[in-house]
Amino acid sequence: MKTKAFLKINRMDAHGVFCTRYWCEVFKDYETYILCDKFKQDAEPPPAELKSIAIDYPHVKVINSNY
């Protein structure tokens, strides 16, 4: 049985995105959420730094704490 994976990102630099991509690969068979509070859910798009993750891992959803 698969569970959900929640990943939190605080750093929007290259290393933070690289580490998040690593964990997305580890949890590629899970329902995965990236928790990022650098945008407002339903009012703003997720940060541009996370666009490459969304392209390579379409099953991953970017949410914030209000989700």
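Me: Which residues touch the most other members of the largest nonpolar core?
Reply: This is a predicted model, where local features need pLDDT of at least 70, side-chain atom pairs count only at pLDDT 80 or more, and totals for chains, interfaces and linings use all residues. Numbering runs from 1 along each chain as its sequence is written, and side-chain values use heavy atoms, without hydrogens and water. A nonpolar core joins buried Ala, Val, Leu, Ile, Met, Phe, Trp, Tyr and Cys residues through side-chain atoms within 4.5 Å. Of the 13 residues here, those with the most such partners are I9, C24, I34, C36, L50, I53 and V62.

Me: Which residues does V62 touch?
Reply: Contact means heavy atoms within 4.5 Å. Leaving out residues up to four places away in sequence, V62 touches I34, C36, F39, Q41, P46 and L50.

Me: Where do the buried residues of α1 lie around the helix?
Reply: Buried means under 20% relative accessible area, exposed over 50% (1.4 Å probe, protein chains only). In α1, G16, V17, T20 and C24 are buried. Their directions from the helix axis to the C-beta atoms fall within an arc of 95°, so they line one face of the helix.

Me: Which residues on the other side of α1 are exposed?
Reply: The buried residues of α1 pack against β1 (4–8), β2 (31–35) and α2 (51–56). On the other side, the exposed residues are A14 and F18.

Me: How far is the backbone oxygen of F39 from a polar atom of the side chain of N64?
Reply: N64 is in the segment after β3 (61–63). N64 is buried, at 4% relative accessible area. N64 touches F39, among others. The distance from the F39 backbone oxygen to the N64 side-chain polar atom is 3.0 Å.

Note on methods:
Helix = DSSP H or I, 4+ residues; strand = E, 2+ residues; numbered from the N terminus. Polar contact = N/O pair within 3.5 Å; in protein donor to acceptor, adjacent residues only side chain to side chain.
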